[in-house]
Amino acid sequence: MKRRSTQNKFLGRWNRKLFAVVLLIFCFGSLILTQTRYSRIKTIFSSSPPFVQRPKIAFLFIARNRLHPDIVWDSFFQGDRENRFSIFVHARPGFTFNNATTKSAYFYGRQINESIQVDWGEASMIQAERLLLKNALMDPFNDRFVFLSDSCLPLYNYNHTYDYIMSTPNSFVDSFVDTKGSRYNPKMHPVIPVHNWRKGSQWVVLTRKHAKIVMKDNTVYSMFQQHCRTRSLPEFWRNRPLPADVSKEHNCIPDEHYVQTLLAGLEGEITRRSLTHASWDLSSSKDRKRRGWHPVTYKMSDATPALIKSIKNINSIYYETEHRRERCSIKGKQGHCFLFARKFPRPAALRLLKMSVLGVSNKGTDES
């Protein structure tokens, strides 16, 4: 009995030692397996760089209500896969972008809340621009700010447009010396000296630095509010005091002068041309006093491949008042001048989209 009891004790001790060894081997093996899996996961994550938000372009639309070429813009924005844009729209107060007012989901809810009533030829147009900048500057990743009208359409795909705008540290501001004495009001002096008086298109592309200058300015803006307004036209006399002598009025259109004049001292940081094409046909109006006041609005029959090709082929702009020819370049090489064009109502824009002549899809190769 003692011998059998001793054997049982010996076997029990051996079994416990064996179990301990097996358990130790299992734990050690699990540790190695876990370490191996961790190393693999670490390798995978280390080989995949973390997402870095690239600078964005803020597209700032000034619209009465609907955006005519919204379907074209929808195709354009689909070309971005890296979250490199944001959209802001200034429309009339109370107007909302939803599935009943736009064909593109990109514009849903993109109207700014504090919009105002905008009248052509009044300082309210400048205020609308400043409100758009105020909202867009809240996003620290918005690095360029593109002003567009409700009849503007893109001529190229998103990647090409992004690379073109980001290829230079400059703003694009159509700016030239204005030699028409009727535009400048001497009452603006000395806040705005006459040698700083500039004219150009309101459809500018601003860097973040210049956008902040425009948004924060109150001094120059105040002068424009007081002393820059369009000359009275007979159809508006019922709403204004009857002018004593229309010929002595200063025919100042605020949105054609404000940004250009405000940034006159920073022209070394500006490419002095617009990226938005407009056709100014001086013979289009029967009223000689009205000729040249507004660019041509393209009809559906005008929307042809030949028209778009002619716009894309423009590679220089001549400024008569300065005897200056601005040659358009991209990364040091001469290229096309324009990325956008106006004025295209919905029928004309849709026709161009169906004809696939705009090149707004990244699948296309038309970037010439």
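Buried means under 20% relative accessible area, exposed over 50%, and partly exposed in between, with a 1.4 Å probe and protein chains only. Tyr221 and Tyr258 are both buried. This is a predicted model: local features need pLDDT of at least 70, side-chain atom pairs count only at pLDDT 80 or more, and totals for chains, interfaces and linings use all residues. Residues are numbered from 1 along each chain as its sequence is written, and side-chain values use heavy atoms, leaving out hydrogens and water.

**Aromatic pairs**
- The structure holds 26 aromatic pairs.
- Rings of Phe, Tyr and Trp (its six-membered ring) pair if their centres lie within 6.5 Å; planes under 30 degrees apart count as stacked, over 60 as edge-to-face and the rest as tilted.
- Tyr221 and Tyr258 have ring centres 6.2 Å apart and planes at 70°, so they pair edge-to-face.
- Tyr221 lies in helix 6 (residues 219–227) and Tyr258 in helix 7 (residues 258–262), so their pair ties together parts 37 residues apart in sequence.
- Helices (H or I, at least four residues) and strands (E, at least two) are DSSP runs, numbered from the N terminus.

**Charges over rings**
- A charge sits over a ring if NZ of Lys or CZ of Arg is within 6 Å of the ring centre and within 35 degrees of the ring normal.
- Arg110 places its charged end over the ring of Phe88, 5.2 Å from the centre.

**Strands 11 and 12**
- Strand 11 (residues 316–319) pairs with strand 12 in the antiparallel sense over 4 bridges; pairing takes at least two DSSP bridges.
- Tyr318 has Arg325 of strand 12 as its bridge partner.
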